[in-house]
Amino acid sequence: MTQTTGKEATEMKSVEAELKISEQMITGGEALLRCLIEEGVDTVFGYPGGAIMPIYDKLLNYKERLNHILTRHEQGAAHAAQAYAMVTGKPGVCFATSGPGATNLITGIANAYLDSVPVIFITAQVVSNLIGTDAFQETDIIGISMPVTKWNCQVKRPEDIPSTIARAFYIAITGRPGPVLIDITKDAQTAKLNYSYSKCTYIRSYNPYKPLKMKEIESAAILINHAEKPLILAGHGILISRAEKELLEFAEKTGIPVALTLMGLSAFPSGHRLYAGLLGMHGNVGPNKLTNEADVIIAIGMRFDDRVTGNLKKYAGQARIIHIEIDEAEINKNVNVDIEINNDAREVLQQLIPLVNPASHERWIREFRICDKAEYDTVIKPEIKPESGPLKMGEVVHTVSELTNGEAIIVTDVGQNQMSAARYYRFINPGSLVTSGGMGTMGFGLPAAIGAKTGAPQKQVVAFLGDGGLQMTIQELGTILHFNIPVKIILLNNFFLGMVRQWQDMFFSKRYASTELVNPDFIKIAEGYNIPGKRISTREELKDAIIEMLGCPGPYLLEVLVEKEGTVLPMVEPGASVSDVKLIK
Amino acid sequence: MLKKEFTLSIFTEDHIGILNQITIILTRRQINIESITASESAVKGVQLITLAVKTSDEMIRKVARQIEKIIDVIKVFVHTSEEIVYQEIALFKMSTKSLLSGNTVDHLVRSHNVRFIEITPEYMVIEKTGHKSEIVRLLNELEPFGVLQYVRSGRVAITRQVKEFHAYLMEMDNAVRTAKAEYEI
């Protein structure tokens, strides 16, 4: 039949019209990339695989606008994306395929969740009609990631991609930030949609912008104005809400000493006369001990983690506690407080500063200095300025601190290397420490250094790693080679899982169960990746070796053979009160 | 720690997996769910999950905040048994022969206020609505006659408070919008 009937003609017309529309339409995979660009993303860390191939295929067309860093393992991509977010203040983005790709992210997601870092995880999923059938590389990543994400969602239709991504960014960066995971089926990546994007600005069930609790802020000011031994405990929340200036102004006006949590380090200058030191298990003596003597505690953007509080029954019982915290679920969770201010740290400080009286607490500050002196003589001096014996972790960190003028971004792994870096680097710039706090993830350091350097290429990035942690993610040396990422790696090698060994020494009658390591030649390994390196073991070589490392234009591995059985002190032993912080083993 | 019975009324968006997110929080805190019911609330598109749990005053406060933190949870209300009107429903399947002797049926209707849903020559289905204790009392009485099947529902609860959920919803909605507007200025 050659003649077309009227009906057929209209049908053909509509087919033509549809074809025209479909030319303007783009695939779900491409829509995802455009959404990311709309949100200001320019860097993605990830690893391809079967189910995510349609997204990667489109990524090739956008390589001018989206820089993709191919790590050597999905866990590395997750940590790198987190570190990127921590140094840039923008959310990190991380891609992985379905099944093992997605499950390999879990440690990284949990790490970002516990440390409140916004990372957008995009995982691919098998085609939607195969979900639930145990198909090849199918895993229930929504179920698996539920307890460790701020929010997660599966997308099965391409037209749902823009609104879901918009929601994901809004949730990740507002309120208490955190990781979100979007799982996109392969068919949603390939099917087309009529693309348009608008940012999410409102979710009915989620209110990150709570009205300021002015009544509580006024009561807090009264308490502060009458305090004789007040103490500020500041955490990561200061850095997240960018309240460093307000914290400084508040502390200087009121003359109140400031103690920082591990995640809060660099939120207050280490050299300031009101700086009381690091809190927690391996923190400084002053802030730990005097927490139990303060009459008013002002906790800002911190969550009274058990590593900070020690034994809760013997924690700050004498003090009136003001808790400024954006996450309502953290208030009265571990420590019961007197005044709860469930708002953003910076906004509260801005309101609080005009309400407090100028004051000074010289006698109280002197108590901190007395503690500092005892700690310096017993622990710090022998650690950073030893005159004989093997090299100490503390002196390596101290030397790096001096040679970088405290201006480098410091990345750590977990354990003794981390505690030494936290204790002995003197931070000047806010946000210059990237470490795994809540999770304590060994293997975090190397990939995090990659993410930090990618986010802050103009900064010197120095990673302190242990021989245990390095070997958990050592394959990321491949990423450093591939993308020529000039990170400076300092391997503090003691041939032990040092922190576990320390606990075996102190609490398990020196029974060293599986903590001694037989290690490879790390310099040779680095050489295989075309990364220059040097191994040193004496005090005389230390300074020059660090200068050489810092001056090297590309990446560098400096292996320092340190004291094999060193102990990080002081220590609040597990179950002990912060008052009982120990200076000697 | 003194444990009490609490009823949680959790209003949520209709997001897949929300129940899973809630139970994860209870599981981590080692809290057993005594009963659970889910249905659409009086506000269209908003789900209401009613949970009965036994725990301490302090723990229920913490857990309620953690549940409310879930992105798609709109509001959590914690009630003690005095603050709510609640019911559970139970169905019993009994052999007809066993109940025909004496004035058993008459007694069941008069003293337990039961309803007979279905009667066949072989079996009867009896419905009882009330508190758990009343239902269990009836179960104990029926047991000697041979209970073929017994099932009890989760709790459904209505609050005694005067302010209704949609008022909260409107307030929250306004609060989000004004706070956000202020924040942006």
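**Helix H6 of chain A**

I began with the buried residues of H6(A), and found Thr107(A), Gly108(A), Ile109(A), Asn111(A), Ala112(A), Tyr113(A) and Leu114(A). Everything I note here comes from a predicted model. The helix spans residues 106–114, and with 7 of its 9 residues buried I put it down as mostly covered. What does the covering? I listed H4, strand S5 (119–125), helix H7 (141–145) and strand S7 (180–185) of chain A among the elements that do.

**The nonpolar cores**

Next I looked up the largest nonpolar core, which holds 197 residues. Which members touch the most others? I wrote down Cys94(A), Ala234(A), Val258(A), Ile297(A), Ile322(A), Ala463(A) and Ile490(A). The top contributor to this core is helix H4 of chain A (residues 74–88), which gives 9 residues. H4(A) was already in my notes as part of the cover over H6(A).

I also found another core lying apart from this one; it has 10 residues, including Ala90(B), Val114(B), Met124(B) and Ile126(B).

I then took Val258(A) as a worked case. Leaving out residues up to four places away in sequence, I found that Val258(A) touches Ile232(A), Ala234(A), Leu247(A), Ala251(A), Phe268(A), Leu274(A), Tyr275(A) and Ala276(A). Ala234(A) in that list is itself one of the core members with the most contacts.

**The sheet of chain B**

Over to chain B, where I traced an open sheet of 4 strands. In what order do they come? I read S2-S3-S1-S4, with antiparallel pairing. S2 and strand S4 (73–80) of chain B are the edge strands, each pairing on one side only. I got an average twist of 15° from one strand to the next.

Between strand S1 (residues 4–13) of chain B and S3(B) I counted 10 bridges, and the two strands run antiparallel.

Helix H1 of chain B (residues 18–28) lies across S1, S2 and S3 of chain B, at about 15° to S3(B). Helix H2 of chain B (residues 57–69) packs on the sheet and touches S1, S3 and S4 of chain B, with its direction at about 165° to that of S4(B).

**Two domains in chain B**

I looked up the division of chain B: domain 1 covers 4–83 + 158–171, and domain 2 covers 86–156. Their C-alpha centres lie 30 Å apart. How many residues meet between them? I found 6 residues of domain 1 of chain B in contact with 5 of domain 2 of chain B. On the domain 1 side, strands S2 (33–40) and S3 (46–55) of chain B each supply at least two residues, and S2(B) gives the most, with 3. By class, I sorted this side into 2 nonpolar, 4 polar and no charged residues.

**Where chain B touches chain A**

Last entry: I checked the contact between the chains, and found 20 residues of chain B against 20 of chain A. Which elements of chain B give two or more residues to it? They are H1, H2, S4 and helix H6 (165–184) of chain B. H6(B) gives the most, with 7 residues. By class, I noted 9 nonpolar, 4 polar and 7 charged residues on the chain B side.

Note on methods. Residues numbered from 1 in each chain as written. Chains lettered and ligands numbered in written order. Predicted model: local features only at pLDDT ≥ 70, side-chain atom pairs only at ≥ 80, totals over all residues. Core = buried A, V, L, I, M, F, W, Y, C linked by C-beta atoms within 7 Å. Buried ≥ 20, exposed ≤ 12 C-beta atoms within 10 Å, placed from the backbone. Contact = placed C-beta atoms within 7 Å. Domains from an automatic or database assignment. Nonpolar A, V, L, I, M, F, W, Y, C, P; charged D, E, K, R; others polar. Pairing = 2+ DSSP bridges. Axes fitted to C-alpha atoms, helices over the stretch in contact; angles between N-to-C directions.
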